[in-house]
Amino acid sequence: MSCSGNCNCSNNSASQPHTFGGSVGLSVRGQSRTIALAGNPNTGKSTVFNALTGLRQHTGNWPGKTVTRAEGHFTFNNFNYKIVDLPGTYSLLSASVDEEIARDYILFSQPDCTVVVVDATALQRNLNLAFQVMEITHKVVLCVNLIDEAARKGFEIDFESLEKKLGIPVIPTSARRKQNLDRLQQAIEDVCTGKIISKPNIPAPPAALKEAIDQTLPLIESIAPGLPSARWVAYRLIEGDVRIRQALENGELQQLAGIKQPATSNPPTSPSPAPKASQSNPAHDKQSA
Ligand SMILES: Nc1nc2c(ncn2[C@@H]2O[C@H](COP(=O)(O)OP(=O)(O)OP(=O)(O)O)[C@@H](O)[C@H]2O)c(=O)[nH]1
Ligand SMILES: [Mg+2]
């Protein structure tokens with residue numbers, strides 16, 4: 001893996017002290033890396049964000065508190081990081097406006113590292129989103145949060161084996177107790193610099209689906225050259241997702257990804273069966289997986 005242009009891959013000594021505590025309105029000079037905090041609602045994303053930045057994002061024990069994205073900063077090993085706290089989302093097939101904010105950021109903003117925060121007491125359910133993120137980027141760290149709560153409930157989690165099975169760094173944390181956040185920061189640094197090269201373990205699609213994806217990807221590339229998460233877009237087109245097709249045709253996706261559009265672009269030839277239902281209101285549409 002190579003890190004993105006935002007990344008300074010030169011010597012970052014792990015022995016140098018890290019700092020928690022960032023800043024509202026601090027102007028961070030020079031290069032900085034961008035980290036996205038993704039995860040299901042109520043997994044402790046904002047608590048992680050607050051602990052790392054010293055800011056005070058709204059937290060509480062019910063889902064859906066963070067409704068828009070918030071940004072903060074921290075430094076680690078003398079390097080600046082911008083960290084983005086996202087609304088909770090169950091799936092990248094988003095259903096609500098908040099979830100769409102998270103989805104669009106995860107898919108098209110190309111952070112240097114995406115940290116998926118999962119609830120250690122509901123690991124299996126939470127891993128669904130982690131798999132979806134792993135499908136679109138290998139620059140990902142799994143933060144298994146609320147380990148104090150899991151321990152209290154008597155859950156035993158084999159983190160080493162989980163890490164091996166998933167193929168990405170897995171860091172157990174208790175954000176509320178500020179436990180292991182330095183390990184989390186180290187993993188983020190290692191993913192950004194390429195010291196850790198993740199190989200997410202994703203099941204291969206069935207042959208017919210793979211063929212359809214292979215046929216669809218060049219169409220996407222011809223309309224939106226260099227579009228991030230093109231594979232994810234291909235899946236959606238194959239499913240007949242009208243909303244995504246329209247967003248590709250009218251340049252919305254390219255805009256989200258900050259891609260300059262050619263003067264004219266041809267709509268894609270349908271790569272899939274005709275869409276079954278109209279999804280005119282993207283914000284409120286449920287999409288089938
Ligand atoms: N016991 C325990 N509680 C935690 C931990 N991390 C977060 N919490 C609590 O979990 C609840 C949810 O935390 P938030 O940080 O608001 O979760 P979130 O993922 O940002 O939630 P949304 O923005 O609604 O998606 C809060 O009551 C936190 O205090 C932890 O490590 N241990
Ligand atoms: Mg939150």
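# Close-up views of a predicted model

View 1. Leu37 faces Val115 of strand S4. The coordinates shown in this and every following view belong to a predicted model. In strand S3, the residue opposite Leu37 is Asp85. Ala36 also has a counterpart in S3, namely Val84. Strand S1 covers residues 32-39 and runs parallel to S3, residues 79-85, with 6 bridges between them. The pairing of S1 with S4 is parallel too and counts 5 bridges. Of the 8 residues of S1, 6 are buried, so the strand is largely enclosed by the rest of the structure.

**View 2. The open sheet.** Six strands, in the order S2-S3-S1-S4-S5-S6, make up an open sheet whose pairing is mixed. The edges are taken by S2 (70-76) and S6 (170-172); each has a single partner strand, so one side of each is left without a neighbour in the sheet. From one strand to the next, the twist averages 25°. Strands of a sheet pair through backbone hydrogen bonds, in either the parallel or the antiparallel sense. The protein chain as a whole contains 10 helices and 6 strands.

**View 3. Strand S5 and its pairing with S4.** S4 and S5 are parallel and share 6 bridges. Within this pair, Val118 is placed opposite Val144 of S5. S5 is mostly covered, with 6 of its 6 residues buried. Val140, Leu142 and Val144 point to one side of S5, while Val141, Cys143 and Asn145 point the other way; all are buried.

View 4. Ala70 belongs to strand S2. How many other C-beta atoms lie within 10 Å of Ala70? There are 20, and a residue counts as buried at 20 or more, so Ala70 is buried. Leaving aside residues up to four places away in sequence, Ala70 touches Gln57 and Asp85. Asp85 is also the residue of S3 that stands opposite Leu37 in View 1. Ser46 lies 24 residues from Ala70 along the chain, and their C-alpha atoms are separated by 9.2 Å.

**View 5. The shell around ligand 1.** There are 23 residues around ligand 1, and those that come nearest are Gly44, Ser46, Thr59, Thr66 and Gly88. Helix H1 (45-53) and helix H4 (147-152) each supply at least two residues of this shell. The largest share comes from H1, with 3 residues. Sorted by class, the shell around ligand 1 has 14 polar, 5 charged and 4 nonpolar residues.

**View 6. The contact between the two domains.** The domain assignment divides the protein chain into domain 1 (33-193) and domain 2 (207-257). Their C-alpha centres are 26 Å apart. Domain 1 puts 7 residues into the contact, and domain 2 puts in 7 residues.

View 7. Helix H8 spans residues 230-239, and its buried residues are Ala230, Val233, Ala234, Tyr235, Arg236 and Leu237. An α-helix has 3.6 residues a turn, so residues three or four places apart point the same way. The cover over the buried residues of H8 includes helix H7 (207-223), helix H9 (242-249) and helix H10 (252-256). Gly240 follows H8 and has a positive phi, near 85°. Across the protein chain, buried residues account for 41% of the 289 residues. Among its contacts between residues at least 6 apart in sequence, 70% join residues at least 24 apart.

Technical notes:
Residues are numbered from 1 along each chain as its sequence is written. Chains are lettered from A and ligands numbered from 1 in the order in which they are written. This is a predicted model: local features need pLDDT of at least 70, side-chain atom pairs count only at pLDDT 80 or more; totals for chains, interfaces and linings use all residues. Two strands pair if DSSP finds at least two bridges between them. Helices (H or I, at least four residues) and strands (E, at least two) are DSSP runs, numbered from the N terminus. Axes are lines fitted to C-alpha atoms, for helices over the stretch in contact, and angles run from 0 to 180 degrees between N-to-C directions. A residue is near a molecule or strand if its C-beta atom, placed from the backbone, lies within 6 Å of it. Ala, Val, Leu, Ile, Met, Phe, Trp, Tyr, Cys and Pro count as nonpolar, Asp, Glu, Lys and Arg as charged, and the others, Gly among them, as polar. Domain bounds come from an automatic or database domain assignment. Two residues are in contact if their C-beta atoms, placed from the backbone, lie within 7 Å. A residue is buried if 20 or more other C-beta atoms lie within 10 Å of its own, exposed if 12 or fewer, and partly exposed in between; C-beta atoms are placed from the backbone.
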